[in-house]
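The exercises below are to be worked with the sequence and the coordinates at hand. Each task is followed by a solution in steps.

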Amino acid sequence: MKRFVIIMVIIMFLLGIAYAEEIFPDVKQEWMKVPVRWGVQNKIIRGYNDGTFKPERQVSEAEFSAMMARYVKVVDVDNIVEEKGKHWSQEIYDALERYAIPLKGYKDNKAKDTGLSRGQLSRIVAAKNGFNLDEKQAVYYLYENDLSFGKIDGRLDFESYDSKSAVKRAEAVAFLQRLDSVGITTF
């Protein structure tokens, strides 16, 4: 019986990987498939109108805000009615503002469409969990809570986190999945 359960888990995992690639043909790298599948199943992410996910594209602040809002369920992102003359994400920003999330796009549409860096992401996650930290403090917060492991094996310091680099769309979903795996699901 135990062997049967293990085999079923392996089959489900492999089917899940195929499922992610089936939904978005551009999700090819193995490390991306599980988080993207998780994001689709949990209605946290959507692809583009052309049927792709563009996993290597830098996630904008507005896109990540939408993913995060779907994840913590603070606003029904999928039923937002865009108002003429307003950015598509303004209602999301309005909902997130009451939680003091350090976003630059509350009143700046250009900032909404600007790509997110790993340092900004660390501050957003720390604030989401109730901590108003500067970038360096936020990086160490992620390390201390097993939310990041840096980019250099064996080093958990500020430099190995690489705070200036871009957060890709697949990385953003993987990060939210990691939050979920440690039980951080609300503000």
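**Exercise 1. Determine how many residues line the second largest pocket, and which lie nearest its centre.**

Solution. Step 1: a pocket is defined on a 1 Å grid over the protein atoms alone as an open set of points where a 1.4 Å probe fits, with protein on both sides within 12 Å along at least five of seven lines; lining residues have an atom within 4 Å of a point. Step 2: by this criterion 14 residues line the second largest pocket, and Arg 118, Ser 148, Glu 171, Phe 175 and Arg 178 lie nearest its centre. Step 3: two elements, helix H6 (118-128) and helix H9 (169-181), each give two or more residues to this lining. Helices here are DSSP runs (H or I, at least four residues), and strands likewise (E, at least two), numbered from the N terminus. Step 4: H9 supplies the largest share, four residues. Step 5: the volume, taken as the space filled by probe spheres set on the points, with grid points joined across faces, edges and corners, is about 260 Å³.

The model is predicted: local features need pLDDT of at least 70 and side-chain atom pairs count only at pLDDT 80 or more, whereas totals for chains, interfaces and linings use all residues. Residues are numbered from 1 along each chain as its sequence is written, and side-chain values use heavy atoms, with hydrogens and water left out.

**Exercise 2. Describe the lining of the largest pocket by its source and by residue class.**

Solution. Step 1: the largest pocket has a volume of about 390 Å³. Among its 17 lining residues, Arg 46, Gly 47, Ala 66, Arg 70 and Trp 88 are the closest to the centre. Step 2: helix H3 (residues 61-72) gives the largest share of the lining, four residues. Step 3: sort by class, with Ala, Val, Leu, Ile, Met, Phe, Trp, Tyr, Cys and Pro as nonpolar, Asp, Glu, Lys and Arg as charged, and the others, Gly among them, as polar. The lining of the largest pocket then holds nine nonpolar, two polar and six charged residues. For the second largest pocket, the classes are eight nonpolar, two polar and four charged.

**Exercise 3. Identify the buried residues of helix H7 and the elements against which they pack.**

Solution. Step 1: buried means under 20% relative accessible area, exposed over 50%, and partly exposed in between (1.4 Å probe, protein chains only). Step 2: in H7 (residues 135-144), the buried residues are Ala 138, Val 139, Tyr 141, Leu 142 and Tyr 143. Step 3: using contacts (heavy atoms within 4.5 Å), these buried residues pack against H6, helix H8 (158-161) and H9. Step 4: at the start of H7, a side-chain oxygen of Asp 134 comes to within 3.1 Å of the backbone nitrogen of Lys 136. After H7 comes Asp 146, with a positive phi near 55 degrees.

**Exercise 4. Count the aromatic pairs and classify the pair of Tyr 93 and Tyr 106.**

Solution. Step 1: rings of Phe, Tyr and Trp (its six-membered ring) pair if their centres lie within 6.5 Å; planes under 30 degrees apart count as stacked, over 60 as edge-to-face and the rest as tilted. Step 2: the count comes to six aromatic pairs. Step 3: Tyr 93 and Tyr 106 are edge-to-face, at 5.8 Å centre to centre and 90 degrees between the planes. Step 4: Tyr 93 lies in helix H4 (residues 90-97) and Tyr 106 in the loop between H4 and helix H5 (109-112), so the pair ties together parts 13 residues apart in sequence. Step 5: Tyr 93 is buried at 0% relative accessible area, and Tyr 106 is buried at 13%.

**Exercise 5. Classify the pair of Phe 131 and Tyr 141, and state whether each residue is buried or partly exposed.**

Solution. Step 1: the ring centres of Phe 131 and Tyr 141 are 5.1 Å apart and the planes are at 45 degrees, so this pair is tilted. Step 2: Phe 131 is in the loop between H6 and H7, and Tyr 141 is in helix H7, 10 residues apart. Step 3: Phe 131 is partly exposed at 41% relative accessibility, whereas Tyr 141 is buried at 12%.

Note on methods. Polar contact = N/O pair within 3.5 Å; in protein donor to acceptor, adjacent residues only side chain to side chain.
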